[in-house]
Amino acid sequence: MEIRKIGIVGAGQMGNGIAHVMSLAGYDVMLNDISDDALSNAMELMKNNMERQVSRGKITADQLSDALSRITCTTTLSELGQTDLIIEAATERETVKQAIFEDLVPHLQPHTILTSNTSSISITRLASRTDRPEKFMGFHFMNPVPVMQLVELIRGIATDEPTFSACKEVVEKLDKTAASAEDFPAFIVNRILMPMINEAVYTLYEGVGSVQSIDSSLKLGANHPMGPLELADFIGLDTCLAIMNVLHDGLADTKYRPCPLLTKYVEAGWLGRKTDRGFYDYRGETPVPTR
């Protein structure tokens with residue numbers, strides 16, 4: 001089937017990034033969130049990000065105008081039923097995602113494909129809460145979406161070939177690269193990345209190094225563009241903890257046990273950049289390590 005209109009559930013960091021690239025690629029986009037403020041903020045952020053692309057010569061002013069005109073915002077979830085492909089990009093909590101799909105199902109067209117941008121949760125389990133597990137799969141973009149090249153495509157146990165092929169064609173139209181992953185906890189990228197971040201937090205917790213020394217060591221010693229604790233703040237410590245819990249619960253291996261210090265930061269509400277405090281304090285002109 002040809003995909004022309006795309007619905008996106010969630011206008012946060014990932015949802016607005018997905019809407020950004022989809023609209024620039026020529027798709028009509030319907031962006032959904034529970035509040036008008038969230039949608040207004042998402043549109044303003046997309047406009048600012050596209051203007052930055054114009055200033056750098058990556059897109060033209062006409063492309064910016066055309067892309068924004070293709071985006072429709074709605075707080076009514078059922079309106080997404082008229083789209084060909086829906087990408088759920090809500091918070092990384094399985095109960096929230098399940099409720100979204102259950103609410104969507106009565107309003108869908110027979111051909112509509114359902115996908116989740118989850119970074120760790122079982123695709124097969126999410127698909128089982130819908131009426132179309134064969135038309136359901138994982139569609140995991142990397143953050144920030146307009147910049148990162150990779151998209152993980154994850155088949156559930158029932159995902160059929162036409163669904164996979166249709167999603168792969170969308171990735172190609174975005175000029176991104178698809179990586180096919182099996183439906184195991186955290187898939188490929190986060191199966192490798194999150195234990196590294198968790199180990200960095202253990203290294204801090206055990207006093208082996210400070211925030212600054214750990215991040216500097218990985219940047220200068222392993223040529224990473226960001227240190228693991230800086231990256232954790234960028235991702236969101238709540239998201240990192242949620243993924244580690246999925247790994248620990250799903251694979252039943254103690255090597256995936258979340259570091260108690262990571263849990264403590266999340267309990268304190270120090271979630272990283274989005275709350276202005278995490279392993280760094282972002283409230284001043286320059287980030288300052290909090291330990």
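**Core, strands and a helix**

Author: Beyond its neighbours within four places in sequence, M22 is in contact (heavy atoms within 4.5 Å) with I6, Y27, V29, I87, F141, V170 and L174. This is a predicted model, in which local features need pLDDT of at least 70, side-chain atom pairs count only at pLDDT 80 or more, and totals for chains, interfaces and linings use all residues. Residues are numbered from 1 along each chain as its sequence is written, and side-chain values use heavy atoms, with hydrogens and water left out.

Reader: Which residues of the largest nonpolar core touch the most other members?

Author: They are M22, L31, L85, F139 and F141, in a core of 38 residues. A nonpolar core here is a set of buried Ala, Val, Leu, Ile, Met, Phe, Trp, Tyr and Cys residues joined through side-chain atoms within 4.5 Å. Buried means under 20% relative accessible area, exposed over 50%, and partly exposed in between, with a 1.4 Å probe and protein chains only. Apart from that core lies another, of 26 residues, including L229, L231, L237 and C240.

Reader: Now the strands. Which residues of β5 are buried on each side?

Author: I113 and T115 are buried on one side of β5 (residues 113–116), and L114 and S116 on the other, so both faces are covered. Strands (E, at least two residues) and helices (H or I, at least four) are DSSP runs, numbered from the N terminus.

Reader: What does β5 pair with?

Author: Strand β4 (residues 85–88) runs parallel to β5 and is joined to it by 4 bridges; two strands pair if DSSP finds at least two bridges between them. I86 has L114 as its bridge partner in β5. β5 also pairs with strand β6 (residues 136–141), in the parallel sense, over 3 bridges, and S116 stands opposite G138 in β6.

Reader: Which helix forms a β-α-β unit with β4 and β5?

Author: Helix α4 (residues 94–104) does, and the unit is right-handed: with the strands pointing away from the viewer, the path from the first strand over the helix to the second runs clockwise.

Reader: Changing topic, which residues of α3 are buried?

Author: In helix α3 (residues 61–69) they are L64, A67 and L68. Seen down the axis, they fall within an arc of 95° (taken from the directions from the helix axis to the C-beta atoms), so they line one face of the helix. D62 and S69, on the other side of α3, are exposed.

Reader: And what covers the buried residues of α3?

Author: The cover includes α1 (13–24), α2 (36–55) and β3 (71–74).
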